[in-house]
Amino acid sequence: MKSKLTFAAALLAATVLSGAAGAKTLVYCSEGSPEGFDPALYTAGTTFDASSKPVYNRLVQFEPGTTKTIPGLAESWEISDDGLEVTFKLREGVKFHTTDFFTPSRDFNADDVLFSFNRQLQEDHPYHAYVEGASWEYFNGMSMPDLVKSIEKVDDYTVKFVLTRPEAPFIANLAMDFASVFSKEYADKLAEGGNLSDLNQKPVGTGPFQFVAYQPDAVIRYKAHPDYWNGKQPIDDLVFAITTEASVRQQKLIAGECHITPYPNPADIESLKANEALKVDEQEGLNVGYLAYNTKVAPFDNAKVRKALNMAINKEAILDAVFQGAGQAAKNPIPPTMWSYNDAVEDDPYDPEASKKMLEEAGVSDLSMKVWAMPVQRPYNPNARRMAELIQEDFSKVGVTVEIVSYEWGEYLERSKAEDRDGAVLLGWTGDNGDPDNFLAVLLGCDGVGGSNRAVWCNEEFEGLIQKAKTLSSQEERAKLYEEAQVVFKREAPWATIAHSVVHMPMRKEVTGYKMDPLGGHAFEGVDIAE
């Protein structure tokens, strides 16, 4: 680790020196390494920050700092009266990146849209399984294969999605990272050379920054796209200095080795605010942190056992020790700032004696289990190892022995999908589009089993409610169904809901134009450094 940090520091020092000669360089001390550079293959925010945010665009996008959808690669769109056809008019004159490994011969057009979605939709597509184990987790978890009947090229700059049913969140869904648009021409070139996997390692998009190089676990370099359709960026170079330790990120920020860093230790926030060279933005996170039981494996297949374990967890102690006041206890799988939040739901009380009694009634004694702890900080969990230790202590008081396990982040995410996974996994979620469906369907729907549904939970009553809600155009009617779904969730307890956090973003005072993303991403379009 020391050699990697030393390499990164040396690289950043050289970057700053080059910046003094005229080029503006912004250094972002990121918290981890991306799993790859094809955002449709993954669900982790760390990967999205390094891939879809700088490199790619989508047909629609979120207005910076909001969950409002605005035009992106599509200038406009129309939805048919029956809700079954959505037609996009594409933006003309959009340039793909020119890199050391690819020079485009044409502008973005409808062929790129069809390629980007059909590779996820069609099992016989050459790129459907181009990466070993590719599961298109988001696409499948959101029931897109059942929803999208076909994607039709009307002309070079018009694309029509034909749906099997009306889908209220469809436009917002297409602003999400998995819907990033790739170059078909680049993909075809890679296929001709037998190098399909480079699509995930050497990205080419239309976004504000183009990929230059990646030193694994150390640094990612980008440069401003000179022909970006929304205007060249104020900064010339963007550097991700991968720095896994929060304390080291803080040191680099204070020393001026990076301009922005995510996920500070909660205990350090006040001192960061007091530093005259820094500023700290904050907002309530659209997130939830949770412990997901494997509901297919005994005794966690028994809701009574899951409820009993939930009653053993002292959430207030976790909030004090892990979040240090920058959060609140979670009782529902969606955050209280989201529409349809059911505040009438009663949380499981902290009651070790009642927990012990319920376990006895369920015939469970001398239970040994694993609790998985994430190796990285996330907005919904600043210290998963410490949280796991507190849960371990809580469970020991009701006669449950816990072994804490962890893996490298990419391996953790992959292993935790297994339907025969032992024990319970600490994870969480930050909303991707401001719609409850993005939590309830993606994380708890039947289509997410084996992927984003780490509880491996498929409940017929819950599924019926969330699937019906998707088809309704009235937000009020949808909200009623989602409120009912939260009641089912609480009764069945596939998770122990832990916390919703407040997100803090420290940066140098010379940084201007940065807007915190309510959806948890870190994007640098429009960001500048004051002279």
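This is a predicted model: local features need pLDDT of at least 70, side-chain atom pairs count only at pLDDT 80 or more; totals for chains, interfaces and linings use all residues.
**View 1. An open sheet of four strands with mixed pairing.** The strands are arranged in the order β1-β10-β9-β8. At the edges stand β1 (25–28) and β8 (209–215), each of which pairs on one side only. From one strand to the next, the twist averages 20°.

**View 2. The antiparallel pair β9 and β10.** Strand β9 covers residues 219–224 and strand β10 covers residues 237–241. Five bridges join these two strands. Across the pair, Lys223 stands opposite Asp237 in β10.

**View 3. An open sheet of four strands with antiparallel pairing.** Here the order is β4-β5-β7-β6. The edge positions are taken by β4 (74–79) and β6 (148–155); each has a single partner strand, so one side of each is left without a neighbour in the sheet. The twist in this sheet averages 20° from one strand to the next.

**View 4. The antiparallel pair β5 and β7.** Strand β5 spans residues 85–90, and strand β7 spans residues 158–163. The two are joined by five bridges. Lys89 stands opposite Thr158 in β7.

**View 5. Helix α4 on the sheet that contains β5, β6 and β7.**

Note on methods
Residues are numbered from 1 along each chain as its sequence is written. Side-chain values use heavy atoms; hydrogens and water are left out. Two strands pair if DSSP finds at least two bridges between them. Axes are lines fitted to C-alpha atoms, for helices over the stretch in contact, and angles run from 0 to 180 degrees between N-to-C directions. Contact means heavy atoms within 4.5 Å.
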